[in-house]
Amino acid sequence: MSASGTKMWTFTLAFILTFSLPFTLSIEVKEPPTIGIVGGGIGGTSTAYFLRQLFGNDAKIDIFEKRHIGGRLATLTMGDHQFEARGTLIHPKNMYMVNFTRLLGLEQLQVGGGTFGIFDGSSMRVTSSKYSLVTMAKLFWRYGMDIYNIDSWINEKLLSKFMRIYDIQRAGHAYTTVPDLIGAMDPAFVSYMKKSIKFVMKTAGFGDKFIDEMVMAALRTNYGQNTEVPGFVGAVCLAGVQPGLWAVKGGNKQVPQKLVAEAKAQVLQGTVMSVQLLQYQDKTYRVEYVDAEKKERHKDYDIVIIATPLHDEMSEIDFEDFPSPIENFPQKFHKLTATFVEGTPNSNYYGIDNAEEVPIEILTCNDTILLNSQGKKEDVLGNPANVYKVFSNIPPSEENIKQMFTSKKDIRMFSMMAYPEYSTVGEELPPFVLHDSLYYLNGIELAASAMEMSSIAGKNVALLAYNHWHGNLDKIDEPYLDPVSEKDKTEL
Ligand SMILES: Cc1cc2nc3c(=O)[nH]c(=O)nc-3n(C[C@H](O)[C@H](O)[C@H](O)COP(=O)(O)OP(=O)(O)OC[C@H]3O[C@@H](n4cnc5c(N)ncnc54)[C@H](O)[C@@H]3O)c2cc1C
């Protein structure tokens, strides 16, 4: 802890008591901290917002951003339209994203809900109909009761437990490791991180056909991976194909952009190169960065928060002069290619005779084929467009595109480090606390990568910083007893 970490403002108040004896009272008030956040995605900007709420107006909050505020929330322009290019869908029960959208004066835009089909590389295993009763009959015929049971399984066994996090965080509790945070929602979730979603769902009674087709299709669409991923991320992924999904009208990136202003944070445009532990100085950490004019600069802080994956191919931050070394975490990131095509899909490629019958969303259940998913997209304002978004784990060749589309007016393609490559036998999850007042947010992505997960981690890190700063150690890594069970206890 730096000198300022323990520095106090001392106010001396003199009271003259009624019987005229002089009495001196000292009240120690801790100086508000200076905070540097590295990364201006939804994680870094939501952290800034929560820190401002906790520390009040006098804390100084800087956000370092090397590219654009929004990070993996970004749009792509084609003609007169903008499309969500990365993080797109938000669950109706993602309460931080719901509340940010309302607070920032933004609107929800309902997305999805069109026809869909599951393609195995040569033909469609199942397709929906525009009539919902027909769709339910077809799905029941193929998957039996699994198709009815999945919604209650997600809602009762997963979402209702997941949503405990909002009460826990409202009560000010914070956790120093990812498993402790996830386990606070439900201890079963920690074991879900070590077993595959296939195993978890089979144990819950779901059949092979449902898992190999529907669950596989959801995983290939949302994470470009298969049913061997851990149960926790698999469950988050399945919630991502439930009804009622939405995006922010005009683009999800507006949330982080507007959170910066709401948090009264200063954006420093530049690439952070290192965080150094200071000795015998007023502040604890020095952040060295190269600014937009390529000038090397530094700024010192009481608290530093890393809100970008510490991964060789994604950030280049060195940690200097720490008593034990802080290394980049060795987890693999999943490389994904998004191809946007303005044109007409080739129905024959999907084994469909009639071009009119090509589903709006095509999911895939075979992890040996090129295509993860293909969907006809509306723009960020909800306007129709003749544009298809294709996800694949490797870039499609010109020949691939020729086979998939009978006509093409415009094509945009880009590859990205999208999210972790999930495994049940992965390394230890990185902690939220790297050093006394140095925090790391993106370890949460190894449990599951999603906008809401980054916001939950943002609130956790903000609470850790606040609780550490004020010595509220009873709110760190302590179990949260919800008010109902407390009441039950006293009534017994
Ligand atoms: C293709 C795709 C589809 C997705 N779909 C969904 C979805 O439908 N729903 C959903 O909820 N989630 C989805 N996600 C996941 C979601 O987008 C991410 O989990 C979330 O946006 C991560 O936010 P973050 O702030 O933690 O990280 P990022 O958004 O990556 O932010 C990190 C920021 O740090 C900056 N930075 C990095 N290094 C430095 C440095 N040295 N100095 C200064 N700045 C630095 C980067 O430029 C970046 O802006 C998707 C992701 C991808 C890629």
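The model is predicted, so local features need pLDDT of at least 70 and side-chain atom pairs count only at pLDDT 80 or more, while totals for chains, interfaces and linings use all residues. Residues are numbered from 1 along each chain as its sequence is written, and side-chain values use heavy atoms, with hydrogens and water left out.

**Exercise 1. The ligand**

Solution. Gly 43 places a backbone N or O atom 2.8 Å from an oxygen atom of the ligand. For Val 272, a polar backbone atom is 2.9 Å from a nitrogen atom of the ligand. Asn 442 uses a polar side-chain atom, which lies 2.9 Å from a ligand oxygen atom.

**Exercise 2. Helix 2 against helix 14**

Task: describe how helix 2 and helix 14 pack, and class the residues of their contact.

Solution. Helices (H or I, at least four residues) and strands (E, at least two) are DSSP runs, numbered from the N terminus. Axes are lines fitted to C-alpha atoms, for helices over the stretch in contact, with angles from 0 to 180 degrees between N-to-C directions. Helix 14 (residues 451-469) packs on helix 2 at about 35 degrees, with the axes 8 Å apart. Now the residues in contact (heavy atoms within 4.5 Å): helix 2 contributes Gly 43, Thr 47 and Leu 54, among others, and helix 14 contributes residues including Gly 458, Ala 462 and Trp 469. By class, this contact has twelve nonpolar, six polar and one charged residues. Here Ala, Val, Leu, Ile, Met, Phe, Trp, Tyr, Cys and Pro count as nonpolar, Asp, Glu, Lys and Arg as charged, and the others, Gly among them, as polar.

**Exercise 3. Bringing in helix 3**

Task: work out how helix 3 is oriented to helix 14, and which residues meet.

Solution. The angle between helix 3 and helix 14 is about 85 degrees, and their axes are 8 Å apart. These two helices are therefore roughly perpendicular, a label for angles of 65 to 115 degrees; under 35 counts as roughly parallel, over 145 as roughly antiparallel and the rest as oblique. Met 95, Tyr 96, Met 97 and Phe 100 in helix 3 meet Met 451, Glu 452, Ser 455, Ile 456 and Lys 459 in helix 14. Six of the residues in this contact are nonpolar, one is polar and two are charged.

Technical notes: A polar contact is a pair of N or O atoms within 3.5 Å; within protein, one must be able to donate a hydrogen and the other to accept it, and residues adjacent in sequence count only if both atoms are side-chain atoms.
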